[in-house]
Protein chains: 2
Amino acid sequence: MASLTIPTGDTTYTEKVQAVKIRLESSIPASLRLSSSILADFPLDVTGIPQLCGLLTSSELAITELDATTVCKRIAEGNLSAVEVVTAFGKRAAVAHQLTQCLTDYFLDEGIAQAQELDEYYKREGKVIGPLHGLPVSIKDHMPIKGRWGSGGFLSNLELSKEDCDMTAILRQLGAVFYVKTNQPQGIFALESTSFYGRTLNPHNLHLTPGGSSGGEGALIAMKGSCIGVGSDVGGSIRAPSAHCGIYGICPTALTMPTHDYIWYQNGQDGVHLSTGPMCRSAQDMATFLQALASTEPHLLDPKLIPLSFDLPDLSQRKLRVGIMTHDQTVVPHPPTSRALQLAREKLSAAPNLEVVDYQAYDHAVGYALAHEMYMEDGGKTFRRMLKEGGEDILPLGGWVTGLQPIKDHDAIEMWQLHDKRDSFRRAYSDYWNKIGCDVVLCPPFAGTASRHDTAKYWSYTAIWNLLDYPGAVFPTGLKVDPAIDEVPPSYAALGDKDLENYKLYADDPSVFKGAPISLQLVAKRFNDGLLLAALNVIEGIVKG
Amino acid sequence: MASLTIPTGDTTYTEKVQAVKIRLESSIPASLRLSSSILADFPLDVTGIPQLCGLLTSSELAITELDATTVCKRIAEGNLSAVEVVTAFGKRAAVAHQLTQCLTDYFLDEGIAQAQELDEYYKREGKVIGPLHGLPVSIKDHMPIKGRWGSGGFLSNLELSKEDCDMTAILRQLGAVFYVKTNQPQGIFALESTSFYGRTLNPHNLHLTPGGSSGGEGALIAMKGSCIGVGSDVGGSIRAPSAHCGIYGICPTALTMPTHDYIWYQNGQDGVHLSTGPMCRSAQDMATFLQALASTEPHLLDPKLIPLSFDLPDLSQRKLRVGIMTHDQTVVPHPPTSRALQLAREKLSAAPNLEVVDYQAYDHAVGYALAHEMYMEDGGKTFRRMLKEGGEDILPLGGWVTGLQPIKDHDAIEMWQLHDKRDSFRRAYSDYWNKIGCDVVLCPPFAGTASRHDTAKYWSYTAIWNLLDYPGAVFPTGLKVDPAIDEVPPSYAALGDKDLENYKLYADDPSVFKGAPISLQLVAKRFNDGLLLAALNVIEGIVKG
């Protein structure tokens with residue numbers, strides 16, 4: 001790992017970043033530091049260390065095994081206190097950070113103080129303050145929490161937030177407790193998570209990235225240092241890290257969940273809208289989170305938002321029609337992902353209550369190119385300006401994303417033409433989907449499992465759904481990469497250059513990926529988020545049954 | 001009226017336009033031509049001529065008095081045939097056109113043939129084909145009907161349409177019958193309706209414009225040559241002509257009704273979205289139309305659309321809170337509009353079932369400037385190119401709208417900044433509205449009643465709601481301009497230059513406006529279209545009671 005790129009910059013950058021890192025590291029108390037013996041020798045899979053490190057009591061370890069829905073239930077029943085819960089997750093988060101560099105801010109004291117108030121409320125009133133009473137929620141760095149640090153992925157937009165953003169204000173009102181913020185990549189624009197705070201690692205295999213841009217969340221939740229966190233996604237940033245870390249995550253239909261005042265540097269960009277949603281440890285948790293948020297009617301607060309019910313339809317009386325897309329006609333996923341999808345297909349095909357159909361990707365390459373063009377309509381000018389203002393050097397994936405072929409500066413007419421192409425593509429795609437007549441499509445969440453650091457350059461398996469604004473959820477299959485099973489075929493007839501490039505990433509050394517979780521993605525049409533969650537319950541049950 | 005601008009162009013333009021006009025005029029059969037005695041001498045208010053001209057039978061005249069909801073009901077009950085209905089409205093439309101130049105295409109034969117099929121279906125099946133079975137619907141020129149002419153307001157985008165657009169396809173599927181298309185202004189970008197087809201006049205007072213851009217619809221429906229038509233609105237284009245012509249019209253929340261394939265030259269423009277909706281003869285007709293359209297779930301066909309229910313909430317158990325905005329702090333409406341609003345305020349204040357509050361306009365001038373800047377993000381380049389391609393000269397209001405101060409060509413970053421300002425304005429406005437806590441706001445639909453030709457340069461009373469995407473409906477108060485009552489005050493303390501300019505338009509000669517209908521506008525927050533319609537029923541009842 002010595003060859004990995006380290007974020008650098010000019011003298012001012014170096015000094016400021018040093019101060020930032022001292023602030024972060026000193027926020028973790030000595031009592032929660034891993035022993036030198038553990039730090040001297042730990043395995044590539046660090047997910048077992050919290051149990052072994054001796055820093056958490058057995059009851060704290062037991063609490064951190066719970067999902068968010070159970071945590072809320074136990075607190076509401078009076079069987080757990082909010083202070084106990086945030087303490088347990090907070091301690092485990094400290095351990096997680098020392099092994100994966102997943103955090104950007106750590107403030108367990110504040111979390112405990114907030115939890116104490118909630119416990120007092122519960123004692124005094126005999127009821128919870130809201131549906132998420134006492135639930136510790138980890139927050140991606142660019143979502144402001146009053147009085148805490150936040151950034152848009154550049155040193156130049158690092159700030160001490162004066163106010164909560166809508167998301168954290170609403171979560172707070174629902175009873176959530178804040179205690180950590182999590183890492184994201186430079187400019188929040190990569191499917192990995194290396195920023196001026198450092199590089200976040202995948203806890204299942206430190207050779208790999210947790211994905212991004214919500215990769216701090218991915219690593220933290222996989223380490224069980226949080227049971228639920230908030231990510232954001234404009235090209236795969238919730239789904240890639242959820243998939244790579246073996247957790248659950250949903251990118252809802254855009255403009256249904258509050259993103260107001262998230263720290264960002266392309267405000268007013270209407271080409272592809274940012275979405276935001278939960279990353280968590282059970283399918284139920286996704287519904288719990290989205291339904292709690294929707295119950296506050298966030299569209300009344302933010303006129304950008306569209307009211308949507310996240311209630312799950314009853315599927316017991318109908319036959320679900322599931323499309324299966326094995327690849328996108330440009331890049332075939334690595335053998336582990338294809339194995340999991342094939343297994344899922346076999347089980348689903350044998351199930352009585354659903355119908356499985358082949359789903360051929362419809363012009364995904366065209367849509368993906370449009371998405372990339374819309375990600376940087378100014379040709380990357382603003383990205384480069386943000387770097388310059390912080391004296392920050394561009395990282396390999398930042399250089400790649402701002403240097404892509406379709407990226408150029410646009411004038412007004414070119415912007416209209418681009419957005420018109422987007423609209424035409426969406427229409428043609430919708431016609432195609434309607435013709436196939438699927439309820440949902442099961443597909444890879446990425447062109448493989450978690451990738452090696454600095455190599456995640458193919459976003460199409462997630463970005464295509466952002467372009468279309470179709471909600472997508474990922475879930476772990478329970479399978480992991482096993483190079484002995486997931487063999488490289490003796491000869492490979494690549495679909496093209498991009499496929500060959502992706503193929504080599506795995507074929508050159510499959511052993512690197514050992515132990516990486518294998519996940520799948522389920523997608524529904526725009527506004528069918530409730531159907532998506534209901535279908536996920538059915539499908540996950542069969543796939544894991 | 002001899003001094004009015006006449007659309008002109010180069011030789012090719014002149015030849016083509018001559019052919020277009022011959023095609024249009026020759027489509028009206030000799031049997032429906034007004035007699036030379038009527039044409040030689042008719043009053044400024046031509047709305048009475050259909051009764052006097054002798055071209056319609058008394059039963060035809062009776063049919064044309066009906067609103068759309070009643071037409072549908074009578075046909076469904078078997079008390080009227082579709083052929084009878086379209087024949088009556090078609091004959092009256094021919095009369096209307098000869099007096100106001102409201103049409104761009106006339107095809108009563110096709111309408112009768114379509115109606116015959118519907119009558120046969122009804123006879124054969126014993127039921128209607130859909131909720132709009134047999135309803136004649138007039139269609140604004142830029143909405144394609146298969147096999148008919150359509151344009152985006154320029155000679156250069158005049159076309160014979162190969163297919164229905166979504167709107168007309170859905171209407172057809174619901175049982176609607178097409179027989180005419182209606183005029184709009186050059187580039188569909190003015191609050192009046194003068195195109196290469198000619199200048200549409202206000203049937204209540206030929207000295208005045210019917211408004212625009214859906215002014216052909218306004219004039220036609222006011223003449224009862226149609227009971228319901230489809231308009232489109234990005235700055236007031238449904239509401240201004242509805243107000244000026246004394247009919248009903250609603251600009252629903254954008255992206256809830258189908259606009260796909262409307263002929264346009266700024267596709268991909270995301271700054272302010274075009275809306276589309278009915279113009280008609282009763283408040284009930286607006287609900288009938290919107291609910292019928294929504295029942296087809298148009299968002300399944302067009303992925304741009306947002307599903308929305310247009311059901312009316314029950315207001316009988318609650319006290320409606322109505323804000324009244326007398327002016328927008330920049331331009332005070334002319335005396336007739338202020339009189340109607342003052343009368344409405346008095347009646348509403350005396351009503352037991354609602355609460356009336358003052359509503360001060362919140363930064364409307366800022367929002368209006370943003371709207372204008374977004375209407376022509378390319379600085380008018382495309383508008384001028386469209387003119388050039390057709391050899392068409394720019395008309396006074398086209399010259400004005402493309403020459404406004406805030407209009408300039410934008411690059412990508414400037415586009416983002418502009419849209420970000422829009423988002424910030426929307427948020428601040430929503431916060432303000434929430435603080436006042438109104439259900440709806442009653443306000444002027446325009447800075448006066450119908451304006452004199454080529455003078456409608458102040459769009460803010462409607463455009464501000466497009467910028468905010470708040471649905472707005474206009475309704476006639478039943479009052480008309482009476483220069484004897486609507487006197488000019490002896491001295492006038494103008495709010496500023498714009499106010500003075502608007503004031504003079506009336507004060508210079510109030511007698512010009514005699515007989516113009518006085519209408520009001522009711523507005524609700526985004527997505528509250530059902531509430532808006534329900535509140536309109538309550539308020540209209542009181543105002544006219």
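Me: Which residues of α13(A) meet which residues of α20(A)?
Reply: On the α13(A) side they are A:Ala344, A:Lys347 and A:Leu348, and they meet A:Ile539, A:Ile542 and A:Val543 of α20(A). Contact means heavy atoms within 4.5 Å. By class, this contact has five nonpolar, no polar and one charged residues. Here Ala, Val, Leu, Ile, Met, Phe, Trp, Tyr, Cys and Pro count as nonpolar, Asp, Glu, Lys and Arg as charged, and the others, Gly among them, as polar.

Me: What sort of model is this?
Reply: It is a predicted model, in which local features need pLDDT of at least 70 and side-chain atom pairs count only at pLDDT 80 or more, while totals for chains, interfaces and linings use all residues. Residues are numbered from 1 along each chain as its sequence is written, chains are lettered from A, and side-chain values use heavy atoms, without hydrogens and water.

Me: At what angle do the two helices pack?
Reply: Helix α13 (residues 335–350) and helix α20 (residues 529–543), both of chain A, pack at about 105°, with their axes 9 Å apart. That makes α13(A) roughly perpendicular to α20(A), a label for angles of 65 to 115 degrees.

Me: Back to A:Ile539: what is it in contact with, neighbours within four places in sequence aside?
Reply: The partners of A:Ile539 include A:Leu348, A:Leu442 and A:Phe475.

Me: And how much of chain A is buried?
Reply: Of its 545 residues, 64% count as buried, meaning under 20% relative accessible area (1.4 Å probe, protein chains only).

Definitions and conventions: Axes fitted to C-alpha atoms, helices over the stretch in contact; angles between N-to-C directions. Helix = DSSP H or I, 4+ residues; strand = E, 2+ residues; numbered from the N terminus. Parallel < 35°, antiparallel > 145°, perpendicular 65-115°, else oblique. Buried < 20%, exposed > 50% of the residue type's maximum accessible area, 1.4 Å probe, protein only.
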